[in-house]
Amino acid sequence: MTPIDQAGTFPLGDRRVHRLGYGAMQLAGPGVFGPPRDPDAARAVLREAIAAGVDHIDTSDFYGPHVTNRLIREALSPYPASLTLVTKIGARRDEKGGWLPAASPEELTRAVHDNLTHLGLEALEVVNLRVMLDTHGPAEGSIEAPLATLAGLQRQGLVRHIGLSNVTPAQVAQGRGICDIVCVQNQYNLAHRGDDALIDSLARDGIAYVPFFPLGGFSPLQSAALSEVARRLGSTPLQVALAWLLRRSPNILLIPGTSSVAHLRENLAAAALHLPDKVLPVLERIGARVA
Ligand SMILES: NC(=O)c1ccc[n+]([C@@H]2O[C@H](COP(=O)([O-])OP(=O)(O)OC[C@H]3O[C@@H](n4cnc5c(N)ncnc54)[C@H](OP(=O)(O)O)[C@@H]3O)[C@@H](O)[C@H]2O)c1
């Protein structure tokens, strides 16, 4: 048994993946724009993830753009049969690295074909529609038109499963009326708990919830309470943050991002970290203070 086996698995589409995976966004250059300073080091992180048993990698052609998908192909193709690559469409980058919506039928269709080309695949296992009504967080509004386009691409056999990202509960409900939704990827972590009710309802329906920024994002979480719990458990604060997410709900699949092999190993080791019941109220208070 490898350490990540200890966190168990959960279905993602018609496969089961380990609950600890890897998010590739940090492999692009500064600001998720352009190439990394050291492409060999980036490819080494990807190979180490696979060697450690990771079978779920999150990516997108808008990281770079095209940078992380190309690194993944260079480092990992031909892909292990067990690997589930999840990508996202619905956004694009401008020439300065800004994030813009790209949700017309033509843009979504091109994005699926670009992802297929850059990843070197004939079909994409899971594609998340990244909703950009507000770039920084979920905002109400219909997702019917772009999701219908994505469902059409699925019927053509280019996409096997569909997920949603940056969405409200109402959009999840609307989406489930249009096609099968296998995962929801929204911002959520110890200090950012807006999706608590959504996570529980998705868990009841067997749908995966994939928190982005599980460590807090570009400025990882820092809290005296988190550090104190980590000290008591002989772990690191970010391992506690990941272990808390694993404990929070069985349908949570983690994709912590890092550009460092050492951080990757530290993060994957969180699968084996047991949080005793008595530390949970201390950790819960971190979210309550921020909410
Ligand atoms: N759907 C969306 O809209 C969306 C948005 C954002 C992200 N995502 C996805 O979610 C994944 C995870 O989010 P994220 O990578 O942005 O944020 P994250 O996982 O919360 O944190 C990444 C940050 O934490 C640092 N870090 C990682 N492990 C560490 C460790 N053990 N010790 C100290 N620092 C550590 C990383 O720096 P180092 O590189 O130095 O380790 C990086 O700055 C992304 O990779 C991407 O695939 C999706």
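**Around the ligand**

Analyst: Bear in mind that this is a predicted model. The residues of the shell around the ligand divide into 11 nonpolar, 13 polar and four charged.

User: OK, and which residues come nearest to the ligand?

Analyst: Of the 28 residues around the ligand, those that come nearest are Gly 23, Met 25, Leu 215, Gly 257 and Thr 258. If you look instead at where the shell is drawn from, its largest share, three residues, comes from helix α9, which covers residues 261-268.

User: Staying with α9, which of its residues are buried?

Analyst: Leu 264, Asn 267 and Leu 268 are the buried ones in α9. Viewed down the axis of α9, the buried residues fall within an arc of 95 degrees, so they line one face of the helix.

User: Switching to the core, how many residues are in the largest nonpolar one?

Analyst: The largest nonpolar core has 85 residues, and those with the most contacts inside it are Ala 208, Ala 241 and Leu 253. Helix α8, residues 237-248, gives the largest share of this core, with eight residues.

User: What is Ala 241 in contact with, leaving aside its neighbours within four places in sequence?

Analyst: With those set aside, Ala 241 is in contact with Asn 189, Leu 190, Leu 215, Leu 221 and Leu 226. Leu 215 in that list is also one of the residues that come nearest to the ligand.

User: Now the sheet, please. What order do the strands have?

Analyst: It is an open sheet of seven strands with parallel pairing, and the order is β3-β4-β5-β8-β9-β10-β11. At the edges stand β3 (22-23) and β11 (208-209), each with a single partner strand, so one side of each is left without a neighbour in the sheet.

User: Last one: why is β10 largely enclosed?

Analyst: Five of the five residues of β10 are buried, so the strand is largely enclosed by the rest of the structure.

Key:
Residues are numbered from 1 along each chain as its sequence is written. This is a predicted model: local features need pLDDT of at least 70, side-chain atom pairs count only at pLDDT 80 or more; totals for chains, interfaces and linings use all residues. A nonpolar core is a set of buried Ala, Val, Leu, Ile, Met, Phe, Trp, Tyr and Cys residues joined through C-beta atoms within 7 Å. A residue is buried if 20 or more other C-beta atoms lie within 10 Å of its own, exposed if 12 or fewer, and partly exposed in between; C-beta atoms are placed from the backbone. Helices (H or I, at least four residues) and strands (E, at least two) are DSSP runs, numbered from the N terminus. Two residues are in contact if their C-beta atoms, placed from the backbone, lie within 7 Å. A residue is near a molecule or strand if its C-beta atom, placed from the backbone, lies within 6 Å of it. Ala, Val, Leu, Ile, Met, Phe, Trp, Tyr, Cys and Pro count as nonpolar, Asp, Glu, Lys and Arg as charged, and the others, Gly among them, as polar. Two strands pair if DSSP finds at least two bridges between them. The arc is that of the directions from the helix axis to the C-beta atoms.
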